[in-house]
Amino acid sequence: MAREGEDPGMAKASKVKRQRKKKPKENKTRTVHANILYDNAKGEENPNRNYANNKIKTTKYTVLSFLPKNLFEQFHRFANVYFVFIALLNFVPVVNAFQPELALAPVVFILSVTAIKDLWEDYRRHRSDQEINHMDCLVYSRAERRYVERYWKEVRVGDFIRLRCNEILPADVLLLSSSDPDRLCHIETATLDGETNLKQRQVVRSFFDLDCDFDPLKYNGIIECEKPNNDLNRFRGYIIHQSGRRDALYKENLLLRGCTIRNTEEAVGIVIYAGHETKAMLNNNGPRYKRSKLERQMNVHVFWCVIILLVMCLFAAVGHGLWMFQYGDKRPVFDVLSPEGTDLSPIMSAIYLFLTMIIVFQVLIPISLFVSIEIVKICQVYFIHQDMDLYDEETDSHLQCRALNITEDLGQMQYIFSDKTGTLTENKMVFRRCTVAGVEYSHDANARRLAMYQEMDSEEEDCTSHSGTLPRRDSVTSHQSARVVLRSQSTKSHRRTGSRAEAKRASILSKHTAFSSPMEKDITPDPQLLDKVNECSSQMDFMRFHSQPMSQLPSDLADIIDFFIALTICNTVVVSSPNQPRQKVRMRFELKSPVKTIEDFIKRFTPSRLTSGSNSSSSSSLITNRSSNRGCSSLLSSPSAESTLTKLDEEQPPRGLEHSFGPVPPCYNGKAWNLEDGELRYEAESPDEAALVYAARAYKCSLVGRLPDQVTVELPHLGKLSFELLHTLGFDSTRKRMSVVVRHPLTDQITVYTKGADSAIMDLIKPPDTGKRQIKIVSRTQNYLNLYAADGLRTLCIAKKILSKEQYACWLQHHLQAETAIQGREELLFDSALRLETNLQLLGATGIEDRLQDGVPETIASLRMAGLQIWVLTGDKQETAVNIAYACKLLDPEEEILTLNADSQEACALLLEESLHYIQAKFLCSSTDQAAKAFHSNFAPFEIYPSSSPSSSSHTTPFTVLRLGLVIDGRTLAYALDKSLEDKFLAVARSCRSVLCCRSTPLQKSMVVKLVRNKLKVMTLAIGDGANDVSMIQVADVGVGISGQEGMQAVMASDFALPRFRYLQKLLLVHGHWCYSRLANMILYFFYKNAMFVALIFWYQFYCGFSGSAMIDQWYLIFFNLMFSAFPQLITGTLDKDVSAETLQQLPQLYVNGQNSEEYKPYMFWMNMIDAFYQSLVCFFIPYFAYADSDVDLFTWGTPITTLALFTILVHLGIETKTWTWMNWLSIAFSTALFFTVALCYNASCPTCYTPSNPYWTMQRLLQDPLFYLLCVITPVAALLLNLFFKVLVQVPFSSGGQMKLREPVSLFSEPTRWR
Amino acid sequence: MMASSYNAKEEDGHNSGASNNGGAGVVKSKKPDNTAFKQQRLPAWQPILTAGTVLPAFFVIGLIFIPIGIGLFVSSNNIKEFEIDYTGVDINNPCYNCAKNFSWNSTTPCVCSVPFTLEQPFESNVFMYYGLSNFYQNHRRYVKSRDDSQLNGDQSALKNPSKECEPYRTSEGQPIAPCGAIANSLFNDTLELYHIDSNGTRNTIPLVKKGIAWWTDKHVKFRNPGGNNNLTVAFQGTSKPVNWRKPVYELDPSDPENNGFINEDFIVWMRTAALPTFRKLYRIIQKKSSTTPTLPSGKYLLEITYNYPVLSFDGRKRMILSTISWMGGKNPFLGIAYITVGSICFFLGVVLLIIHHKYDTRNNSPDIPN
């Protein structure tokens, strides 16, 4: 936490320092030698001595440097410099206005408050640094020849470190040895990216074969790698052994600081990057600083205040000069000579006076404004945090405000750019349908089950919902549906044991596994397909038994089994067990090394096959024999009713895993799978993968283990099959597919399984001359794909390819070259992957549903009512995106949709031109059309678009939002975003009610946001959950991250992190509105208050010969802002609600208020200024006339003025305050009491001090004077009378029945004087 | 950073049903407390400013202010005040000669007498003021030019006055007591009042000079150095202000309680006036008996020892006789102000009433088109 707070400037500074250190060695790489070779880690000869050590220091200051450095930093703020300048000016005797020490007080106060805050933060950072630096780890010591405990801060680059299970990594370590037999090390990277799934890291290849323990003394390599950088997903380098052999190093070899070792008893590695050079530390950016729109407007007005101040000073200076001039040579007695006794010329006096006036009027520039705004924003953030409605019970998380200073921007949003997957949808993938070899399996039962889940979600905990499921049983007779009922009931009963919250909590507890909701695990197979799988595998078993070649299998059946194998193995899913959440399941059998050949396979497993073949009774495992028997007996037959029972049996409490490791030979007749079923957990990098693996498991084709070079799959009848994993070509967003190359254990063929987006796969399918069947499959699959997309499903195509050994060898050679290349490795690997993934044979396709999050359509509808334009930018294909858009009410079936799909720049230009004409035509005709009129009047109250957009002046075309939707795909978007077309594109897009960009890349997303933001000059909000949304989130005015399923990158980049999309509604409509209106009103009030107070002194100048005299005691003058009038406005600025939360949510139109900046418009500043001057006139002249020609002395006259100015200001605040809680009353009472207490104490404290006012006993005397009370009553009333009257008048709808103004919603929507 | 620190404050107010799942321990929930404060649902009064709700306030203010104003106006009118300008600008003025020939450097006092007639008798205690116009006692450098420590009797300050007193700090090498421009410009006209009865004899009217300064000033703020015993000794080694004729310890030789720094005329002068036209209390004419007025109507004579030049800065000098009421001297302004503000309130109330009846027919249930 403290480390997160590292100041970017600090990081930069330390970086600079580091660079300076390294200047003599201007290498592009870092060379790491083992420290073991050198006596002293810091010695001169140690080549690692120049690298940063592992001690971290995130503090900004030391004891000595705190004061100068902190002051230096604070003086970066211009306002502070200004106030210090004024305070220092006071030390010049000629111009001084106050006691110099006193004038320093406010500046010192403000500076010290900030300094104390900084000091406290820095101390906390120091504490956490200390804690981290003093953590223990095992470092190899050359002297003692063993690993000894050291503090983290003592670890140096080149040290060998031994890591034990559950230890946190102290530095970035290259993995050299692992106790894991597979030379793997599992790490959890939750602290880095928030992802909780385990990641595998591999021992460096050259240390792979070490049988015995790694001995640091024998290590003799030199490591060359990249300079420290902050890319978590990149590490390149190589290790040079003494033999001269070079081995490439990948990110898979690097363990990053901050990660936790899991599932691995022990690992040894060498430190590559330490301390501040670790990737984790380089990734630590401080909190983001953005300046809100309101603050930008405010700064303009602060600038205006400076100008007003200067004008006032100038006026006074000229006045003083003239006043002096009129006396000529006759010096009156009251015009005191300069200390030297010399005469001051009028001009010189005027110049001196100018400076004096700057000091006297300094209050006009509100010194406490900046501090007050910060305080209010922190309070606002606190309240947003505390909102129960923004708390998600399911994930036990609530909204995080990561940017503290743009809360009010939330109330001014005009455009929302949303990601689709994970943002609008849950990103919980549910397998819905599939098509294999051109045959569609609709999975009706599954669909029904899903429907039931939804029902349950909505029903909360309805105990009587049995009846809801029973009729279904009657209507559906298949076994599967019966099972559905049973299953749903079991779920129900679980739910009934506790509240829904409890059930959710249970799901939180089980959430150790990434991406596995009960929904995706629980898949009801399609009976037809299940039969086929069973049939197929039994045939294969039969064939294997009879040593027949597998190719005799009917091709459709072969496709089915291949399809499921591909689903199972073509991924990067890691298997773990829930009992020991972080233990890898070791399904290792007795074999130590991967299967090399099919002969090897058969040789090794024949005995056990015989065992299982003879009878399962011989197996003494604890597995229920009954179920295995059933499994065997149900060969070639449809699953009987009993099999449903077995299914239920399988859900019995988990048995100890050790049984599966026992001496019992594993059985291959489909016995073991029910052991694992319900026990194994799959940890996937993306939810699609998990969904597919669970889907395959439903067809008894389950993944039981994954090792770097081997995947074990359990198939019905065939038992466990181990696929030798030759290569994994990971998923990337350009290829949009992934492939695995395996050696098929049954056919011994080298097979490539590819899974990917349909657009990516379909182009790579073998040319259709290969056979009619394939053509048919392709065309049918394409049909189904379109169907799936129309249903809003995410589609994936599965394909395979069989390689001959020669082809493979040829490809492998190239690939290995690519892998070892140092330069341009990415491109070479990409080309290599392209070479492999061609001429594929299509197996089938899957349709995965990504359910909409709760409340998304409602949220979108109300945000749209709030006048927000919502654009969805997604990487999904067009059909899917359009359907999701319909589902979430982004597109309305009634509205027309403009679809822009173009193949070239010219086509795109043409399309845009056409649409523009179309829109104009439609607009023109609709404006005359009677029906359209109705439509317009519908929107009349919030027809903000034509007038509000400031850029509409640059576009001459009138522009209204029509009932139009725009759909554009990625390729067309690329053309449209071109400089020449972007204006047209925007013209089209802004006329549409909703815009949908499909197939867009992360870069395009950010370009769209940037375009809209810069060209239309609107406030933009980007919301997304994944790494692909990061750039868009960063570009937008406000970035919102969904802390959902896909890691934390989006959250890290965001200003606000939400658990769910639907919370956006309350965040914007309620909190955004409140924050904006509160802050806007507070700032206006601040300007008013200061102007009003300063103007009092200004009017006085006319009566004191413009001499810079002030009737207000200097204490009151200086502490008025800081103390007497500070609290009520802070309370109002924090708590005031112009409209209640309920009303704001019911009437989203009220949000328009903030979008149009209606609470803070330039004219309002000037109105406030005029009001302030008017009020100060009243506050000045009523006491003036009341005391005219009396024996009142200067400060006895000034004190009532101060008092009634305070009253006026407080009552003014009262008029502005819309909701009065006890805190408002208290703060006002406190302010008043504070003023009188301070005044009375101050006036009684010292009879000779505080020159020149010397207010001894003034207040005490005033309190005995009835005139004082009479003044205090009449002046605030007289000053605020007109203000109140106009406030009332503004709300009166003079043209009754005409258009109503939404400016003052309170009067419209809430009952008068109600207590809530 | 600041934001996440709030987590520490959150209490676990939500662990009611958390003992599920084999007693896995109470999971500490981050759920925010459901308190009115944290959920921003504090009971609140929402005053709504509409014509209907505000107009009663206007009427009430009007109804309260108008009587107060009338009361104030009446009581102010009951105060008797008489003012006479004796600056001597006009050639007909008896003090014309004094004014013309006088400057700070004159040594011989000039005396002039101004006759006047009181039309009405002054019943209660009469306060006698001198008034100055166009005299900027509130000038910034003037106001500062004093040393409160010296005036408080501080010995060190007496000998070494504050720098603020410059250029009236020292004179001929000796510190000035009292130092500073305010003291230097002390008003030093002497005013005496005579009643001229019907047969033309001048009766001196006794003028009380005690009690014209604030009690706290006289007893706390101003003190003579070294007590009041022998002021001549106490002020030894100091110089009189440049414009003064006599040193500070001779301000009132008749009364040691009114001499030196605690001379009440001096104290009154030192309390600098707020506005360029001001009056300062000079003497009090006490009521002798309940039957006769303090100052019966008739002819009077004001005798002025004309010392104080004001013509150089176009100033005016006045003598004011005034009775006072509970609210101070004669000043009809506040009464008028109350009446005016009350009337405006009433008027605006009527305007609002009309508006309310004519336009405000929404009945608080607006039909907002969606």
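## Where the chains meet

In this predicted model, five salt bridges are found across the interface of chain B and chain A. One of them joins the side chains of Arg141(B) and Asp335(A), with 3.2 Å from N to O. Between chain B and chain A there are also 24 residue pairs in polar contact, both residues being at pLDDT 80 or more.

On the side of chain B that touches chain A, several elements supply at least two residues each, among them helix H1 (51-77) and strand E8 (278-285), while the largest share, eleven residues, comes from H10(B). Sorted by class, this side of chain B holds 60 nonpolar, 28 polar and 20 charged residues. The two chains bury about 11000 Å² between them, and 64% of that area is on carbon and sulfur atoms.

## Disulfides

Over all chains the count comes to four disulfides. In chain B, Cys95(B) and Cys112(B) are bonded with their sulfur atoms 1.9 Å apart, and because Cys95(B) lies in the loop between strand E1 and helix H2 whereas Cys112(B) lies in strand E2, the pair ties together parts that are 17 residues apart in sequence. Cys98(B) and Cys110(B) form another disulfide, with sulfur atoms 1.6 Å apart, and this link is left-handed.

Note on methods: Residues are numbered from 1 along each chain as its sequence is written. Chains are lettered from A and ligands numbered from 1 in the order in which they are written. This is a predicted model: local features need pLDDT of at least 70, side-chain atom pairs count only at pLDDT 80 or more; totals for chains, interfaces and linings use all residues. Side-chain values use heavy atoms; hydrogens and water are left out. Buried area is the accessible area (1.4 Å probe) that two parts lose on being put together, summed over both. A salt bridge is a side-chain nitrogen of Lys or Arg within 4 Å of a carboxyl oxygen of Asp or Glu. A polar contact is a pair of N or O atoms within 3.5 Å; within protein, one must be able to donate a hydrogen and the other to accept it, and residues adjacent in sequence count only if both atoms are side-chain atoms. Helices (H or I, at least four residues) and strands (E, at least two) are DSSP runs, numbered from the N terminus. Ala, Val, Leu, Ile, Met, Phe, Trp, Tyr, Cys and Pro count as nonpolar, Asp, Glu, Lys and Arg as charged, and the others, Gly among them, as polar. A disulfide is a pair of cysteine sulfur atoms within 2.5 Å.
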